[in-house]
Structure formats: C-alpha cells, structure tokens
Amino acid sequence: MRIRFAGDSGDGMQLAGARFTEASAIFGNDLSTFPSYPAEIRAPADTLGGVSSYQVHIADRDILTPGDHPDVLVAMNPAALMANLGDLQATGTIIVNTDAFTERRWTKAGYTSNPLEDGTLDGYTVLPVPMEELTKKAVEETGLKGRGVLRSKNFLALGVLAWMYNRPIEPTLGWIERKFGKDPQVLAANVNAFKAGYNLGVTTEIFRHTYEVKPAHMEPGTYTNVTGNLAVAWGIVAAGVAAKLPVFYASYPITPASDILHELSKHRNFGVRTFQAEDEIAAAGAALGAAFAGHLGVTGTSGPGVALKSETISLALMTELPMLIVDVQRGGPSTGLPTKTEQSDLLMAVYGRHGESPLPVLAVGSPSDAFETTIEAARIALKYMTPVLLLSDGYIANGAEPWQVPDLDALPDISVPFQTEPNTPEGFLPYLRDPDTHSRPWAVPGTPGLEHRVGGLEKEDGTGGVKYDGENHELMVAYRERKIAGIADDIADVEVDADDGATVLVLGWGSTSSAIHAAVRMVRTGGGKVARAHLRHLNPFPRNLGEVLASYDKVLIPELNRGQLWRLLRAEYLLDGIRLSKVQGQPFKAAEIRDKIMELIAS
Amino acid sequence: MTTQTTTRQDWQSPQEVRWCPGCGDYTILASVQNYMAESGIPREHAVFISGIGCSSRFPYYMNTYGMHSIHGRAPAIASGIAVARPELSVWVVTGDGDALSIGGNHIIHAMRRNVNLKVLLFNNQIYGLTKGQYSPTSEKGKQTKSSPMGSIDLPFNPVSLALGAEASFVARTIDMDRDHTIAMLEAAYDHRGAAFVEIYQNCNVFNDKAFQALTGKQERTENRVHLEHGKPVTFGPDDEHGVMIHDGTAHIVDVAEVGIANIHVHDAGAESPAAAFALSRLSHGPYGPTPIGVFRSVERPVYEDDLDRQIAAATDAKGPGDLKQLVTSTGSWVVE
Ligand code: SF4
C-alpha cells in the first residue's frame, strides 16, 4: 500500500508522513519513504511550486522502493491535487480537503473549474473531508485563536489515515505529547485534531473500508527507522569508536547534507566536535587540520561544496592524510535542483581534481546500507592515509526505511596506531611507505622526536622534503596511484544475484539499488531471467568486476545521470554497456527499469 | 607539558632556507626561532601552518610540526588543529596576499571565533612569489607589473580589519626590530585566544624600502609611535608629539601645546575597540607617524574551550557516548 501526503509546504505534510511511517514501523510493517519538498522555503501558498509531499510504502513483505504510483493520495489543497494526480493509480483513492477547493484556490493551482465537481476525479474513489471545518471544531475548546487553529489539520488527516490502516494511535499520541508538551494549547489542539480524524473514520459512512496491512516477515532482530543522513551521521560516530579516534566534523550548511551536521552536533557526549565553518573551503580545511592533529576528520556537503573543496582534497591527497568527504548529491550543475536527487557527481568524485590525483570513492546504496558503508569508507581513509569520497544522494538522505541494528560489539577494529618512534635508525621518515599498503606513517603533533613538515609541494620519496626533480615526481605519482589501485585487494568482490541462464546483467550503484531490485523482481515474477549486481566501491572497482561484466551478453546500467558509471566502465573494461539514464530529479520507477530489461531480454 | 630550555639551533630544520638574500623574512625567522628557544614551548607542541607565498615557506624552516598548505587557507586548517588539540601551540604564518586577499574570509572568521591561533602576517605590500603584482595592502597609485598606470585599489589597513573582525589581540611590529618583534611574539603567545600580529616586512626585490618611513635612521625616530599600555601615546625624538582622540578620530598634536594630561593614555585592555581603531587609522599605511605595539589585548572565551565545556556538559548530562543507545534513540522494535 502506497500512500502519499501532499499539501502546501506550510501544511505539515512531511510531519504527517513521518508520523505515519513511524507508527507503521512500530506496527511491524516493512516500509520505504520518499519525501519531496519545494526548493523555496515558503513558496506562495496554493501554487504548484509550493507543493510538498511525502510518500510511504508499507507492506507485509520486504519492500524496496517507495513505490511508483501511490494507491492513496491525501490532497490538502487544489495545487497538491494538480501536482500529484497524474501519479495516482488508475483506481486509487483520494482523501481530499474539500474546504480548500474555493474558486480562488483552484484557480491559483491552474484549474479552470472545480476539479471536485467537473469529472476530473471520475474513476477514483474520492473521500471528501472538510478538514478545515473539522479542525476548527476539534480545536475550539482549546481556546486557540487565529492562524494557529488550522495548523493542526495535518493531524486530522493523520487521524483519518490511522483509522483507515488500523495503525495503533498510542505511538502518535505519545509523540505529540513529547513534542508539544511545552505548549499545552498546541498539544491539546493536535491531540483533538488527531482524535477527531480517527473518530471520523469510526463514525462516518463515507469510510466504508479499512485496510489491513499485516506486519512484514523480517529477519529477527532489533530494527529502527533511518534516513540516509541519519545513518551516515551514526556511521561517522561509530567509525570514530571503531577507530578509537575522536570525530571532527566540519561542514557548511547545504541542502541536502545539513541534517548530518545537525545530528552530529547533538552528540558531544561522544566527544564529537562539530565545526560550522565560514564556507565549504574552510570546512574541508578544518577537517584536514583535525586529521593532521590525529582526529577522524570528516566534512560533509553536496556537489557545489565538493567543487569548492577540491583544492583541499588535493592537499589531503598530497600530504597523505586520512579524511572523509561526504557528498550528498543533488541535481546539478550549479545550484541546479537543490532539493531533488541525482547521481551526477560520480565523475567529479573520481576525476574532479587537478593533477594526477586518484582517491577512493564509495557510494551508499540505501538508508539501511549507509551505516556500514560509512564505516568502510573511514576504514579505507585511515588504513591508506588518503582522502575518501563517500557519495550519497538526496533520495537516500531523506528517505527512510527500517534498518536492522547490527551487533555493535562486533564493529570492525579500524584503528591505525600513530607512529611514536623514529622508523629508521637515522631518524623519522614521514614518507617511508608500508611495503604492502604503500601507506605512510601517521605521526601527530605532540609526539616528541617526530617533528616534520608536510605540504602541497611535491615530496621527496621517504624524507618528505620538498623536491622538484622530475624523476622523483614520476615515482611519487606512481606511488600514489598504486596505493589507491591496490585497495582493490582489500575490498569485497561484487556479488551477483543471477538466475541460471540469464544473459542480461543490471548493474547499479547508489540509490538506484532499490528500484533495480524491484524491477528484477518484477521480471522474475513474469518468468524472465536476469542478473543483478550493485557496486559499493566505485574507485577502485572490486577485483572480480571485469570477469563479472564479461560473463553477460548485455549489461544494463541505470543511473540518475547521463551515464557516468557507464563511461567509467567503458574506460576501464572497454565494456559496451547499455545505459538507462534519467535526470528528472526523481528516482527511477521500478517499471521503467523493468521495461528496459524486458526489451533487452527480448532483443 | 615538559618545559625544556632550548637553543635557536634546536628550532632550525635541516631544510636550506631559500629566500632572496636580504629579504626581511630571514630576520623574522631568526626572531621567531630565538623566541621559541626562550619560550619554554616544547618543540613537539609547536605547529606552524602557512598558506602560499614567500612568507609561507616559513614552516619548512622550523624544526616543529608544520604544514605548508594552500593559498589563503591556513587559518581554516590551523583552526581544525587548534580545536581538535587545544594543548598545542598553533601558529599561522601568512602574507598580505595570502591572508587579506584570497584568504580574507578565513582570517576574519578565525578572529571572531577567537580560536587560540597566533597569526603572523608578514606584510610586504606586494606579491613577491608571483614576481611583483600589487597586493591588497599596496598603496593606491602603485605602479607594478599588473598596474602599469598605477593601482586603483584602495588598500586594507590590516590592523583596522583585525579589530573590525573582533580580534581579541592585535599588534604590529617591524621585521628589522628584533627586540620589538620578540616582545610582540611573547605577548601574542601569552594571550589565550586569537592573536593577530602584523609584521612589516621588507621585500628588497619587488618593493624595497616600502617601510622606509619607519626603518630609515632619520625617519624611524620621527615616525614610530610606540603603544604602551597605560602610558600616554607620545612620539618623536623628544616625545614632543602626542595623540589625542576626539569624536572617534586620532589626531597628532604637540604635547607642549595641549599638555601631557590631555594626551590619550593607551589602554590595550579597553572593552571597546574604538580607541584602538582610531589609533590604527592614524596612518593608512606606513608612510608617516605609525603606531606599533599592542593595539588591543582583551580576555574573551576561547572557541575550543567553550567547545570542550559543551563536551563535558553533554557527557555529564547524558553519560559517555553509547552506540547502542544512539542507534535506538529514535525508537526501535524487535522482530522475533
Ligand atoms: S620576493 Fe621579496 S618577499 Fe619574496 S623572498 Fe624575495 S625579497 Fe623576500
């Protein structure tokens, strides 16, 4: 069952969606969510540009995506209806706030007649609810006046949904209590509105059906709901614990990465130092400084920020200091589509620096994958003394899904001991490399006898002194290249989920994983044979990738860009892959990928 | 912290020093190394961070931890070090182009945050490393390779800028005056918080004698206005000139005419930076009577101390971080 809450950005739809999600999670459904916001904080009321929505997919089996087309649409105003009706299932249900359908408001949304009356909604099940009127009544006794009264209408809508889907109401009531406890009037208004919505279902004829979505069958364990940003933030905290290092997170506010900064700034009791820098460059600089000083230095941003940080990333690469850069991608170029998702920073991550400057690139595949991938990225940074780029995107960042909490006592030990003694009888050589990893020692200020200077100028092999000599430069370029390439021996092989006799491989990275998985499942349900693989490591690629690619006739690469992985694979393996590209600020619909797979199987 | 007596040699790195012969940077390097040897700072605790430019080669010559970073970014990198490790002694070595042009944003924010950094700004009023373009402190009308008809940029007054950026310590000194330089380094080190020290530095290749008004045998006694806390601001061979501040502006007067009682008494610890600002505007460049010394030195909470206090408070309130608690903090459920 896929439900979409849609309204004006001031209508509280994100909150209503998130509460419904939480109640469903506690109830034991598997779920996946997709919030979508307007780019402007307060776009004009009742306009298409101001529509904010939150889709949640709940089910009694494991689910992979928020769903292509909602079954139920909650439309708080005409603009929300206009913007979302096209996505609704042909036989879907619309719960509509009838009070909002005045001529002035439907005109503003772009209708030329009232869509509730002119046949626009023929074929759908329409449940008309005068939400403003009912909210006013429900809130009356609290004494709340003026504009505040209608603020509670999202809770009324939530109450209606809670009844329709038999959600337990206690978690939501408990949450309202915790959230609004400080303001008794608002608290009472929200509780009353929520109950009024719920009771409307119980007592009114129009809601003939309730829907039963039973708890899902999930692997036994403890679960919590995470968004990608939350799980990346927790992964950073956990990486600090696993590395036995204090975390230093420097960042400049940017959509859609700021929530990582918000979350980490709450956890000072872990010794986490957050530093809101004056700009993106300073954030990278401070993180690098902290790394030089012996902390786990991390900076988080989105594409425009990575562009600004690139000179500092080069310095981290040259000084061979560990540093983690999180890029929560959004639509580009330039300011682009700040609130919409895209995977178009992959080439920048791999190549976007001056000089010969390879560094490891990893990508988070989903909110529930983010914790582990973040720790893996930190592991590589520390072990190989290198900056690492970790890619997430807006879809992962804001989407939520249940995540099985891992055994935290079994976190990998990713600590790297600091150098404390000279590494040769003649003294300390800061660029004397480990023969296996090619990594250099990490000697931090405060360590007597190991005083040394690093910097952006080319280093002499071993001593790390400044050296402009051409042959030494070539040697150092080769060392840095080999160090990163060698990481391929230290990462997991790519796993393939294949049907016997499949000739088509669908290869994805990042947030397309869920849509690809769902599409493959659709193909299989229809009797088709297909293989599927997902890349967490994008530089270097897993050792077995070439072999895997070579064993299929056709390799389909769906990406929310114009074919960036497709291009990398072509360069690396001479692979004649087939790209499926989408750059509409929205994730793939599973059906889009399924159709392409079917076409390839048939051809 | 172990206190050890060291010599200047202990602070010299094996790297061969490569500035142009006669460059003011040599003198400053010697002053800094001499001061460090006297200071009792353990060598392993000293960290020198620079950006790009002639002055920014400085860390290579100090036998300490150091980083020669990227153009303009030293204050940001140094902030990360100082905030991560408050026990270290972090020094930023920068120039007029590095700090005030490409790195302008970082320098002002490091000042306002009051991170415990010692910023040494070598001001030679020219771009030396790129061979002689006008800098953000070059005087208007200056003819250089990139301004053959004269620069049309109004220069910054670095001391005014630092005061405007809420710096808690601001001083100025001159490369050739080693004793004064060392006194300023000591005052900066003793001040806990961001310290900004402008050092007039002669670039004998591209901007020779830019500070002649303050360094020439004759001129120096005429033009150096020594700021000393608690003393009237007077100058001249016989202290015959003095400074009065009224309506927010500093004026040069004859002491004999107005009487010593009416001369401005310098208060580096004044809560308001207004008088220090007025003094900084006495000249907009080193061309006439120019104050040197400590303009301002006030106590203000230090960024990393406040942050450590928050860490302690959060730990007191919530206990030390517990990952299991963290990952279930937004609610959880168990599937049997
Ligand atoms: S160019 Fe000027 S500042 Fe640079 S080293 Fe030579 S004399 Fe010194």
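**Figure 1. The contact between chain A and chain B in the predicted model.** Chain A brings 70 residues to this contact and chain B brings 58 residues. The area buried between chain A and chain B is about 5,200 Å², and carbon and sulfur atoms account for 63% of that area. On the side of chain A, the residues A:N269, A:E278 and A:R453 supply 14% of the area buried against chain B, more than any other three residues.

**Figure 2. Salt bridges and polar contacts across the interface of chain A and chain B.** Four salt bridges are found across this interface. A salt bridge joins A:D409 to B:K324, with the closest N and O atoms 3.0 Å apart. Between chain A and chain B, 28 residue pairs are in polar contact, counted where both residues have pLDDT 80 or more.

**Figure 3. The elements of chain A that touch chain B.** At least two residues each come from the helices α1 (13-27), α8 (228-243), α10 (280-292) and α11 (303-319) of chain A. The strands β7 (221-227), β9 (273-276), β14 (400-404) and β15 (453-455) of chain A likewise each supply at least two residues. The element that gives the most to this side is α10(A), with seven residues. By class, the side of chain A that touches chain B holds 38 nonpolar, 20 polar and twelve charged residues.

**Figure 4. Strand pairing between β7(A) and β12(B).** The strand β7(A) pairs with strand β12 (residues 333-335) of chain B. The pairing is antiparallel and runs over three bridges. Within this view, A:G221 stands opposite B:V335, a residue of β12(B).

**Figure 5. Domain 1 and domain 2 of chain A.** The domain assignment divides chain A into domain 1 (2-203), domain 2 (224-410) and domain 3 (496-602). The C-alpha centres of domain 1 of chain A and domain 2 of chain A lie 34 Å apart. Their contact takes 16 residues from domain 1 of chain A and nine residues from domain 2 of chain A. The two domains bury about 960 Å² between them, with 51% given by carbon and sulfur atoms. In domain 1 of chain A, the residues A:L31, A:T33 and A:Y37 supply 38% of the area buried against domain 2 of chain A, more than any other three residues. Zero salt bridges are found across this interface, while two residue pairs are in polar contact, both residues at pLDDT 80 or more. On the side of domain 1 of chain A, the elements giving two or more residues are α1 and β2 (30-36) of chain A, and β2(A) provides the largest share, seven residues.

**Figure 6. Domain 1 and domain 2 of chain B.** In chain B, the assignment gives domain 1 (1-210 + 301-336) and domain 2 (222-293). The centres of these two domains, taken over C-alpha atoms, are separated by 27 Å. The contact takes 17 residues from domain 1 of chain B and 14 residues from domain 2 of chain B. About 1,300 Å² is buried between the two domains, 55% of it on carbon and sulfur atoms. In domain 1 of chain B, B:N157, B:L163 and B:R172 lose the most area to domain 2 of chain B, together 35% of what that side buries. One salt bridge is counted between the two domains. B:R224 forms a salt bridge with B:D177, and the closest N and O atoms are 2.8 Å apart.

Technical notes
Residues are numbered from 1 along each chain as its sequence is written. Chains are lettered from A and ligands numbered from 1 in the order in which they are written. This is a predicted model: local features need pLDDT of at least 70, side-chain atom pairs count only at pLDDT 80 or more; totals for chains, interfaces and linings use all residues. Side-chain values use heavy atoms; hydrogens and water are left out. Contact means heavy atoms within 4.5 Å. Buried area is the accessible area (1.4 Å probe) that two parts lose on being put together, summed over both. A salt bridge is a side-chain nitrogen of Lys or Arg within 4 Å of a carboxyl oxygen of Asp or Glu. A polar contact is a pair of N or O atoms within 3.5 Å; within protein, one must be able to donate a hydrogen and the other to accept it, and residues adjacent in sequence count only if both atoms are side-chain atoms. Helices (H or I, at least four residues) and strands (E, at least two) are DSSP runs, numbered from the N terminus. Ala, Val, Leu, Ile, Met, Phe, Trp, Tyr, Cys and Pro count as nonpolar, Asp, Glu, Lys and Arg as charged, and the others, Gly among them, as polar. Two strands pair if DSSP finds at least two bridges between them. Domain bounds come from an automatic or database domain assignment.
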